[in-house]
Structure formats: structure tokens, C-alpha cells
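Morning, everyone. Please put the model up on the screen, and I'll walk you through a few parts of it.

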Amino acid sequence: MVRTGSASVAAGPTLAVVAREAGVSVPTASKVVNGREDVAPETRRRVTEALDRLGYVRRPRFDAAKTSGLVDLVVHSLETSWSGAVLHGVEAAAHDAGLEVVVSAGLTRNRAGHPDRGWMDKLTARGSSGVLFNLAELTSSQYGWLDQHRIPYVLIDPVLEPPPGVVSVGAANWQGGVTATEHLLALGHERIAVVAGHQRKMCSGARVAGYRSALAAAGIRQRPEYVRHAGFDESAAHRRTLELLDLPEPPTAVFVCSDHMALGVYEALAERGLRVPDDISVVGFDDLPEARWTTPALTTVRQPLSEMAATALRLLVRMMEGDRPESTRTELSTRLVERASTAPPRD
């Protein structure tokens, strides 16, 4: 059985409901559904009776010889190096699994900002065996449609908190925020600002929370005026940086929650005649190619985008085969990549 979203009457009972009815865990119920032998006879009997009593419909196991052998990848945009890293990871893992990938860009909402059914219709017409969503904001009706049609899907770096039961893969954003801030603290900085993304987005909130946690652990007073949100937009990051520089006591270091925004930060500093890192240190997040191209090269927190995408594809294949992951959230570790944009503060 593959079910990753919220409950739907049309889709029938979820495996969690069956497990609760039988008095067992979801992984145990999944073993029974998938014909695993490592289940006690009495437990198997209870689960089987619950399956029949509740009218649970088993999804046929994925068989590449009987299906399209296609999976869909829905990405926010194809114009960024972020998307390139995700595509690379998905393509490599799909090749290993003997699958082909169909890529759609920005199709979860139409130009008016409303849910777009176009990608749903195309998905049905192609007969794709599963879907990966990267940075997608799915609506409750879209989750319901996927559940109703029993289409397995995995979210890569979801924008918002997914509904219970939805499988997702992301990075350890909170720890990344801690690592970036601790690096600046270790250099001697105390006036550390953060240029964050969207306030409501999961990754941005976690990175800012990590920043605040590191300051608190170091006994540094958190200044509300040092937290600026730029929506992951380069131009907005440029404006937020100028605002920080205009403060009575401007920061000596800035943690920027994406490498793309760091380009706007660099531009603002150059306009004011400030040098990186002599006058102000900058740490980014992502470790995209832009981080190495800037002058000076950007110290940043690396999140393994290609590895995240490949992990999501492998999870999707397991789900297509009827194997339910025991954990709905998989987080890959981040690490600091030190380059030339950070240094101790000037006296």
C-alpha cells in the first residue's frame, strides 16, 4: 500500500487506521500487506481481519514490465543552479533504478496563483508510477487527488509543513543555522545579523531558529533589528543589507540564508565601499556554484541537494514497490564550507 497524504474517503482507510484497528504498529501492518514472513501468525491474523473488515484496498506492487517505467519530477523552476543539482540527483538515481523521468516546471499553480490541474491530467495520461515534488506548495485538494488515485509521491525540501503521513526529504536546516552562526562567533563576532528567506517557509524558519539558538548558547543578546527577511530574492537581500548598514550599530557579520541572496548582500556592501571580509564577514547557505564564483569566494553551509534528490527517488521506488518508509521525514546533514568571506572583526 502506498499512501502519503491526508485521509480521503474515496481512497478508503489508510494503513495507519488498519494498524490501529489491529492493535499493531504501521510498519508491522505494512509487512503483512506486503507479504513479509517476519510476522507472528496471531499478529498476521489480526491485521488480515482488520484489512478485510475495513475494506482496505491493496495497491499492486510496482512492476516495471507492466507499467510505464516513468516518474514525474515537478520543480519550482528550471532556471536556477538549485534545480540543476536536484535534476542531477534524480536522474542518477532513476538511471540506477531503470526508470525515466519526466520534468515539469512550475505547474502546481497557474498564472493567477490558483491550483492548476494541468499537471494532474498529464500525470494520469502518461500513467506515471510516482511523483517527486521539489519546493512545491500543494493544496489540500491536490494532496487529496494524489491519495484518491493512490499515486505514491515524495516531497523534496517542502516549502510548508506537510500533512501528517506525507513522506519528505530535506536538509538539517536548524543545525546549518547553528553551524554558520557558531563559525562567526568563533571568529570573535558578536554583532551578527541574519538575512532570511520567507517567514512562513520551513527551511528559512529553521535556519533562523538555529541562528538564534547559537547566539543564546553563547550568551549573546539577540537583537530583533538584526533579523531581516528577503524572501530568497537577491534584490530584496540587497535592500535588507542597506537597512542593516544604516542601523546606529551595524553588524560586523551577516549570515545569509541562501547563496543567491548573498549576491545581493555583496552588491550592497560594495555600494557602501565595504570590503568582504575586512569590513564585514558573510556566510551563505546551499553551496551552489555561485558561492565559488564570487569574489571573495563565499563561506557557506552546504546542503546536499543532489543527495537529497537521489534519496527521495529511492524512497519513491520503495513506495512504488509497496514498502512504506518507517519515518516520513528524512534529513540529510549539512556542513560548513570555509572559503574567503569570513575573518575576525576589525578592532
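Start with R275, which forms a salt bridge with D278, the closest N and O atoms being 3.5 Å apart. A salt bridge here is a side-chain nitrogen of Lys or Arg within 4 Å of a carboxyl oxygen of Asp or Glu. This is a predicted model: local features need pLDDT of at least 70, side-chain atom pairs count only at pLDDT 80 or more, and totals for chains, interfaces and linings use all residues. Residues are numbered from 1 along each chain as its sequence is written, and side-chain values use heavy atoms, leaving out hydrogens and water.

Back to our pair. R275 is partly exposed at 47% relative accessibility, and D278 is partly exposed at 39%. The cut-offs: buried is under 20% relative accessible area, exposed is over 50%, partly exposed is in between, with a 1.4 Å probe and protein chains only. R275 and D278 also belong to a network of salt bridges with D279 and R346.

How many salt bridges does the structure hold? The count is 17.

Next, E243 and R240. Their side chains meet in a salt bridge at 3.0 Å, N to O. Both lie in helix 9, residues 234-245, three residues apart, about one turn of the helix. Helices are DSSP runs of H or I, at least four residues, and strands are runs of E, at least two, numbered from the N terminus. Buried or exposed? R240 counts as buried, at 17%. E243 is partly exposed, at 30%.

Last pair: E331 bridges to R329, closest N and O atoms 3.4 Å apart. E331 is partly exposed at 48%, and R329 is partly exposed at 26%.
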